[in-house]
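Have the coordinates open as you read.

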Amino acid sequence: MTSPAAREAARPAVADPPPTAHRIAVTGGGPGGLYTAALLKRLDPTRDITLWERNPPDTTFGFGVVLSDETLGGIEHADPAVHAALRAHLVRWNDIHIVHRGTRHTTTGHGFAAVERRRLLALLQARCRSLGVRLRFATEAPPPPRLSAAYDLVVAADGIHSTTRRTYAHAFRPHLTAHRCRYLWLATDFAFDAFRFEFAETEHGLMHLHGYPYAPDASTVIVEMREEVWRRAGFDTPDTAASVDRCARIFAEALRGRPLRSNDSAWTTFRTLVTERWSHGNVVLLGDAAHTAHFSIGSGTKLAVEDAVALAAALAEQDTLARALTAYEEERRPVVASTQRAAHASLEWFEELPFRLDQPPRRFAFDLLTRSRRVTHAGLRLRDPRFTASVEREFGCPPGTPPMFTPFSLRGLTLRNRVVVSPMDMYSAVDGVPGDFHLVHLGARALGGAALVMTEMVCVSPEGRITPGCAGLYTARQAEAWARVVAFVHDRAPGTAIGVQLGHSGRKGSTRRMWEGRDEPLPDGNWPLVAASPLPYTPRSQVPRELTGARLTEVREQFTAAARRAARAGFDLLELHCAHGYLLSGFLSPLTNRRTDAYGGTLAHRLRFPLEVFDAVRGVWPGERPMTVRISATDWAEGGTSAEDAVEIARAFAAHGADAVDVSTGQVVAAERPRYGRSYQTPYADRVRHQARVPVIAVGAISSWDDVNSLILAGRADLCALGRPHLYDPHWTLHAAAEQGYDGPGVRWPDPYRAGSRPPPTGRADAPRPRFTPGR
């Protein structure tokens, strides 16, 4: 027999929201809930708004709140009274101090503002009272189903532990991810003069401090470390007071010998919350109840306040509550997703911090500053040109040379810049023979300034093709056609190298061209497939045969024969394709390799055949020419290749002579769930570079020259491969040089194109400029 409370919780929210929101309930008295209540009441004084908060009005579990100029501008526009009251209590500063092995690096021009959390809450509480919002502190809100039945709109701003979200979990579908560091939220009774990052290398492991002022006489201090360091150091005892004292001693220099204090703080692990939906009937989530983003980019209160502005605006702009809640989510979800991606990159940077400490000191500082990809090389040059110039000098940039236009050597090949045209399947060959299309396609991009132009995956056998339009290197005619393309690049684009990517489709072969139906089997004329294990790629795909015995030897010899033809064709570099679920990738992933022989099981065994192929190809490839390997660093699927596996795979190939690793991700299993976004694959390249100690090529939604400069200067990649940007603009690299005012040896306009090396003039605006300010 169910209890009354259980029956109450099981009641659904209102199925059809009312057309307007007059009676409004807000749960949660943090900044997000209070600001929402104030805005909604200000916009319509006739609204009846009640806010519940389980704690007393002066209870808070943090100390300071950092607000960006963008957020402050939004507050000023939405409610000038709140902004005016807040402005009087803001602490502002411009500098960041990064203390790395006893040396402090300072960068300026960043423009931070912070306020004491209690002060912010008091200001918002006063604003709510002045507008007529009923505030019920130290009072549990009624159960969510009761609120949704009694009110037109229920705004759940009740935080990460939201009762509302838990009650309607079937509708909101939350996903919580715990991370690898423990942290403790503290304060000290003096004001740092900058945002401060400090790192303590202790006998137990690395610990780090984040600190910033929030009042003229107080600062927030967060101490963070990986879980294993936390345990080794003995912080896992329940004595929080002892932890606080120990943290004060460890970071005594940064704290000037001052003590630390807590506010009922406890060591905790950050959890990232993503909800699939933000509204259900007339119930809507806001702030940490809907989403969280790691504190290292100072985003929690900012996101909640911006949610409040968007929700209030949507309710004012839309003619029904249902449309308003849809508009609110459509506006905010992309912004929050972008912030969460940046926050995830930042928290991963701190999780992997031990592998970064040995970088040159200024590069380490630059790496920290650009960790979330929100701050970039160009942005730092504007904010602090002196600091950025010092990082460039340490890196070795000649005067006036952007990092992307510095040279890089692989074996006997020196590339004049760091830009690679990524391999892109064109599906335009006939019987595997590249034709005029390939000459124009690759030739145009070679003329466009990139240091290295890569072919699409060139298949080593007819059965190794993905589609009937894939290019090959398994006949003399194909080799002659490729030699024509190589000769054009070398003759007409001097200084540009061209590389060939060799691969075998494995279980992903015998499909239609991408624009005819991606991964769809051919309607007729299919050829048999082979793979590490007899597993189809999709339910519609052909079941491949498992490669065994003589067939393994045959495939290895197909790779070596293709490599010999590539060498004779004159290619400058050869890349072995061990990614994206193709044949060699299929051996590496535990999701696609279910073998029980010497080629399956442990990672060492799964590596065996790809390494045999690599060794065979390296044995026939000219010794002075470099070889690279493309890998999928994660399968984006549970139980698949992990980031740790990727590091071991890279180490193995480097030990066998790979000159660089091209770090891609995914496309191994059809059920993958990638975390797409700007530069979303580069953290894997970064990790491989630092942990495997091998040069890397970064790929994946790198679209701007600013991104390339940032990645190279921060030491996250040695080369950057761009695909779609080069489809959009074959002269992407030349234009990047022109836009940065660079005309040095790192890039060269072809002589016939030099007249176009400056942007063409635009139309004139002949209207006279306004010269006087009109009188009042």
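How close do the axes of helix 19 and helix 22 come, and at what angle do they cross? The axes of helix 19 (residues 549-569) and helix 22 (residues 608-620) come within 9 Å and cross at roughly 35°. This is a predicted model: local features need pLDDT of at least 70, side-chain atom pairs pLDDT 80 or more, while totals for chains, interfaces and linings use all residues. Residues are numbered from 1 along each chain as its sequence is written, and side-chain values use heavy atoms, without hydrogens or water.

Axes are lines fitted to C-alpha atoms over the stretch in contact, with angles from 0 to 180 degrees between N-to-C directions. Helices (H or I, at least four residues) and strands (E, at least two) are DSSP runs, numbered from the N terminus.

In helix 19, Leu-552, Val-555, Arg-556, Phe-559, Thr-560, Ala-563 and Arg-564 meet Phe-609, Glu-612, Val-613, Ala-616, Val-617 and Val-620 of helix 22. Contact means heavy atoms within 4.5 Å. The residues of this contact divide into nine nonpolar, one polar and three charged.

Thr-27 is found in strand 1 (residues 23-27). Its C-alpha atom is 6.5 Å from that of Ala-141, 114 residues apart along the chain. Beyond four places in sequence, Thr-27 contacts residues including Trp-52, Leu-147 and Asp-158.

Buried means under 20% relative accessible area, exposed over 50%, partly exposed in between (1.4 Å probe, protein chains only).

| Residue | Relative accessible area | Class |
|---|---|---|
| Thr-27 | 6% | buried |
| Cys-128 | 0% | buried |
| Cys-470 | 0% | buried |

The structure holds zero disulfides. A disulfide is a pair of cysteine sulfur atoms within 2.5 Å. The closest cysteine sulfur to that of Cys-470 is in Cys-459, 4.7 Å away, so it is too far for a bond.

Note on methods
Ala, Val, Leu, Ile, Met, Phe, Trp, Tyr, Cys and Pro count as nonpolar, Asp, Glu, Lys and Arg as charged, and the others, Gly among them, as polar.
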